[in-house]
Amino acid sequence: MNEKISSFLVVSDSHGDRDILAKLVDKYQGKVTKMFHCGDSELSPDDSIFDNFKVVTGNCDYDPRFEETLLEKSGDELVLLTHGHLYGVNNGMQRLSLLAEEKAATIVLFGHTHLLGAEYRKNCLFLNPGSISFPRGTYSYLGGTYALIKVGADFFEVQYYDRKCVKIPELALVFKRI
């Protein structure tokens, strides 16, 4: 039997850097199932770049036409997309985890902290792609990161990339689904 594999590009905190988003669209359009932007784009919701992304508002996005959270069904996955600032992600994941449980999300995508990270808990993948423009933490020397997620019936594979679209080998994670 041929298993259906989905793939998602996840980017966040581009802070006005439209060129990097255009670069990602050029590279991945038609090659991934969906593209997600976790907020703080500092662009207009009318920008044509968002024809390619599911996008939410961040604490630096002031246009009320951006949604605070989105639920996106993709195959068997229910993706919860939010920036994270409204759920206190700087102080832990409890509020975001409760929201994920309430919405029955299988994937939660968020930004805000500018720190990349991924974990699998309570049958849900939580992923922060880091900031594509202003990274913080251990991997800030990369100059910015985004993530690709491959999703199968029994796994999540996460691979982080830098702004030059170069794979970061030590930032490859595989989570077995329960």
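## Order of helices and strands

Read from start to end, the chain of this predicted model follows the pattern β-α-β-β-β-β-α-β-β-β-β-β-β. That amounts to two helices and eleven strands. Helices (H or I, at least four residues) and strands (E, at least two) are DSSP runs, numbered from the N terminus.

Residues are numbered from 1 along each chain as its sequence is written. In this predicted model, local features need pLDDT of at least 70 and side-chain atom pairs count only at pLDDT 80 or more, while totals for chains, interfaces and linings use all residues; side-chain values use heavy atoms, with hydrogens and water left out.

## Overall form

Along the principal axes, the C-alpha atoms fill a box of roughly 40 × 35 × 30 Å.

Of the 178 residues, 54% count as buried (under 20% relative accessible area, with exposed over 50% and partly exposed in between; 1.4 Å probe, protein chains only). Among contacts (heavy atoms within 4.5 Å) between residues at least 6 apart in sequence, 52% join residues at least 24 apart.

## The six-stranded sheet

Six strands form an open sheet in the order E3-E2-E1-E9-E10-E11, with mixed pairing. Strand E3 (54–55) and strand E11 (167–176) stand at the edges with a single partner strand each, so one side of each has no neighbour in the sheet. Two strands count as paired if DSSP finds at least two bridges between them. In general, strands of a sheet pair through backbone hydrogen bonds, either parallel or antiparallel.

Strand E9 (residues 145–152) pairs with strand E10 (residues 155–162) in the antiparallel sense over eight bridges. Threonine 145 lies opposite aspartate 162 in E10, and valine 151 lies opposite phenylalanine 156 in E10. A hairpin of two residues links E9 to E10.

Strand E10 also runs antiparallel to E11, and six bridges join them. One of the bridge pairs is tyrosine 161 with lysine 167 in E11. The hairpin formed by E10 and E11 has four residues between the strands, and cysteine 165 in the turn has a positive phi of about 65°. Seven of the eight residues of E10 are buried, so this strand is largely enclosed by the rest of the structure.
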